[in-house]
Amino acid sequence: MSVATVGIPRALAYYIYFPRWRSFLNELGVNVVTSGLSNRQMLDEGVKEALAEACVPIKLYFGHVLSLKDKADYIFVPRLYCLNSKTLYCPKFLGLPDMIKHSLNHLPPIIDTMFNNRYKGFLARRTELAKSFFQLGSKFTNDKLKILKAFYRSLKTEQRYLELLQSGLLPNQAIAVLGGAKNVNIAYPEDSLKFAVLGYPYHLYDDFINVGVLTKLRRLGVQVVTTENLPPGVLARQKHPYPKDMFWTFSDRAFRAALHFFREGRVDGIIYVTAFGCGPDAMVYRLIEMESKKYPHIPFMILMIDEHSGEAGISTRLEAFTDMVRRRKKGV
């Protein structure tokens with residue numbers, strides 16, 4: 001019996017859930033392949049196939065799927081709805097499998113397992129999560145005990161992933177460590193600047209889509225900390241004066257992280273990376289911008305990206321912002 005191969009696009013929720021998915025599938029004896037790093041060809045192919053009104057990350061996701069069509073027996077495009085009983089994922093995550101199926105031709109079968117967990121209470125949420133993984137695992141084996149073991153192994157992998165993130169690693173570094181890599185830490189001088197760089201994970205950790213923002217900051221000698229480096233409890237404790245919490249998961253996380261970094265005051269500057277055409281984000285970055293005015297001692301900048309973003313323009317803005325913060329810190 002041949003071993004099945006599942007392709008997972010290196011985009012959108014990849015930066016949050018890939019270790020969990022890979023661990024689960026590998027434990028079932030399934031090979032996992034990912035699309036390559038994002039590039040211009042992927043984006044161009046995605047732009048041709050996706051709706052013109054779609055945001056850049058969705059267009060890029062289409063390109064990642066296309067790059068996997070001849071490399072896998074299945075492509076995993078889960079329906080993400082709710083995983084914390086409070087906030088929902090943007091509708092594009094829920095409708096993504098249908099957009100892919102009805103827009104792209106000659107693809108392998110799409111696995112579109114639903115992850116919907118709006119239940120209150122830890123046990124209820126864990127049970128509902130297990131059901132989703134059993135649905136996924138049943139596509140490759142009828143052995144329920146094997147699926148259960150794979151599920152618990154995936155939970156352990158996810159816990160290890162979160163520990164790596166909270167130790168200061170960024171998702172790409174933590175994923176590399178889980179894959180066996182070593183010496184991924186970057187050493188910074190004690191007097192180096194420290195910036196909080198916030199935004200949705202698929203904006204921040206894809207060097208192509210954000211034109212290398214994090215890489216450029218490291219080259220400028222800036223230590224970077226992001227939302228994913230914060231323990232969940234820190235985010236949950238952030239209170240705000242608005243009558244309602246954020247409706248969307250990544251929006252809520254980004255906003256709470258911004259509140260934390262402004263209030264804690266242990267960063268030299270905050271940069272928010274947003275994508276043109278993202279409806280929820282258009283509100284989030286404005287709210288963060290309003291909050292920033294309460295903390296004039298912490299420099300704040302918004303970087304907006306789209307499929308036409310140029311490297312020179314982004315580099316110039318980052319260099320100017322970094323230089324301004326450095327001069328300000330030295331009192332020049």
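Is Arg20 buried or exposed, and what is its relative accessible area? In this predicted model, Arg20 is buried, since its relative accessible area is 7%, and buried residues are those under 20%. Arg20 belongs to helix α1, and its C-alpha atom is separated by 18 Å from that of Tyr205, which lies 185 residues away along the chain.

Burial can also be followed along a whole helix. Twelve of the 13 residues of α3 are buried, so this helix is largely enclosed by the rest of the structure; among them are Val56, Pro57, Lys59, Tyr61, His64 and Leu68. The length of α3, which covers residues 56-68, was also compared with expectation: at 1.5 Å a residue, its 13 residues should span 18 Å, and the 19 Å between its end C-alpha atoms agrees with this.

The largest pocket holds about 1300 Å³ of space. It is lined by 35 residues, of which Tyr17, Leu83, Asn84, Pro232 and Arg253 are the closest to its centre. At least two lining residues are supplied by each of the helices α1 (14-27), α5 (122-137), α6, α10 (232-236) and α11 (249-264), and α6 gives the most, with seven residues. Helix α6, made of residues 144-166, also contains Leu148, which counts as partly exposed at 31% relative accessibility. Together with Leu145 and Tyr152, Leu148 makes a nonpolar surface patch of about 280 Å².

Charged side chains are paired in 16 salt bridges across the structure. In one of these, the side chains of Arg40 and Asp44 meet with an N to O distance of 3.6 Å; because the two residues are four places apart in helix α2 (residues 40-49), they are separated by about one helical turn. Arg40 is partly exposed, with a relative accessible area of 39%, and Asp44 is likewise partly exposed, at 35%. An α-helix has 3.6 residues a turn, so residues three or four places apart point the same way.

A salt bridge also links the side chains of Glu291 and Lys294, at 3.0 Å from N to O, and here Glu291 counts as buried, with 3% relative accessibility. In helix α13 (residues 311-330), Asp323 and Arg327 are four residues apart and therefore separated by about one helical turn; they form a salt bridge in which the closest N and O atoms are 3.1 Å apart. Both partners are partly exposed, Asp323 at 38% relative accessibility and Arg327 at 45%. Elsewhere, salt bridges that share partners join Arg79, Asp98, Lys101 and Asp112 into one network.

Note on methods
Residues are numbered from 1 along each chain as its sequence is written. This is a predicted model: local features need pLDDT of at least 70, side-chain atom pairs count only at pLDDT 80 or more; totals for chains, interfaces and linings use all residues. Side-chain values use heavy atoms; hydrogens and water are left out. The expected span of a helix is 1.5 Å times one less than its number of residues. Buried means under 20% relative accessible area, exposed over 50%, partly exposed in between (1.4 Å probe, protein chains only). Patches are made of residues with over 30% relative accessible area and no salt bridge: like charges are joined within 9 Å, nonpolar side chains (Val, Leu, Ile, Met, Phe, Trp, Tyr) within 5 Å. Accessible areas come from the Shrake-Rupley method with a 1.4 Å probe; for residues, only the protein chains shown count as cover. A salt bridge is a side-chain nitrogen of Lys or Arg within 4 Å of a carboxyl oxygen of Asp or Glu. On a 1 Å grid over the protein atoms alone, a cavity is a set of points where a 1.4 Å probe fits but cannot get out, and a pocket is an open set with protein on both sides within 12 Å along at least five of seven lines; lining residues have an atom within 4 Å of a point. Grid points are joined across faces, edges and corners, and a volume is the space filled by probe spheres set on the points.
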